[in-house]
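Please keep the sequence and the structure in view while reading.

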Amino acid sequence: VVARMIIAGQSGDTELLHSLAHDLYFESAAMIVTLVTLGKNMEKGARLRASRAIQALATMLPDTAIIVQDDKQEIVPLSSVQIGNVVLCREGDLIPVDGIIISGRGAVNESALTGESIPTDKTVGDRVHAACTLVEGSVTVRAEQVGGSTALSHILRLLEDAAASRAPVARLADRISG
């Protein structure tokens, strides 16, 4: 279209030049609308994927925990575990709380929080986090963070905030395209 406009301008054909100019504006407008629509659809898809990832992370906590008190073990709902409780974690269990190992040893898969797929050896005095899997061994953990104060809960809140907000560059692009 631009090449035809140049030729029409050089030949002095103003009628052809005006008709081509209208086509040029239409193409630009159509391209802007297409790109804005494409961008909004991509953003919607990214928000949906982020929402699914947040939901998957939220389901990583176990429903129950084994509390050890006076050499007795009691299975209780996770919501009733309190700071200071001693929690037993056996091989294959998801760790239900953030805390410090007070007895035992084992290998912990922390990929849920760190992304590292190789299990880390843990022993007395080491910190463990909720939603990590004890892949080997058995440990008792003194709960330091439970429920909404665990590292996983903080990560979930950050992800939800990020998914709900818009980047400054996205706001700028919306203003410009408007």
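## Overall architecture

Along the sequence of this predicted model, the elements of the protein follow the order α-α-β-β-β-β-α-β-β-β-α-α, so that the secondary structure amounts to five helices and seven strands.

Of the 178 residues in the protein, 25% count as buried, and the accessible surface comes to about 11,500 Å², of which carbon and sulfur atoms hold 59%. Where contacts join residues at least 6 apart in sequence, 60% of them link residues at least 24 apart.

## The β1–β2 hairpin

Strand β1, residues 64-69, pairs with strand β2, residues 72-77, in the antiparallel sense and over six bridges. Within this pairing, A65 lies opposite V76 of β2. Two residues stand between the strands of the hairpin, in which D70 adopts a positive phi near 55 degrees.

T140 is located in strand β7, which covers residues 133-145. Is the residue buried or exposed? T140 counts as buried because its relative accessibility is 12%, which falls under the 20% cut-off.

Leaving aside residues up to four places away in sequence, T140 touches V86, V87 and L88, together with I100, I101, I102 and S103. With S103 there is also a polar contact, made between the side chain of T140 and the side chain of S103 at 2.4 Å.

Methods: Residues numbered from 1 in each chain as written. Predicted model: local features only at pLDDT ≥ 70, side-chain atom pairs only at ≥ 80, totals over all residues. Heavy atoms only, no water. Helix = DSSP H or I, 4+ residues; strand = E, 2+ residues; numbered from the N terminus. Buried < 20%, exposed > 50% of the residue type's maximum accessible area, 1.4 Å probe, protein only. Polar contact = N/O pair within 3.5 Å; in protein donor to acceptor, adjacent residues only side chain to side chain. Contact = heavy atoms within 4.5 Å. Areas by Shrake-Rupley, 256 points an atom, 1.4 Å probe, with all protein chains shown as cover. Pairing = 2+ DSSP bridges.
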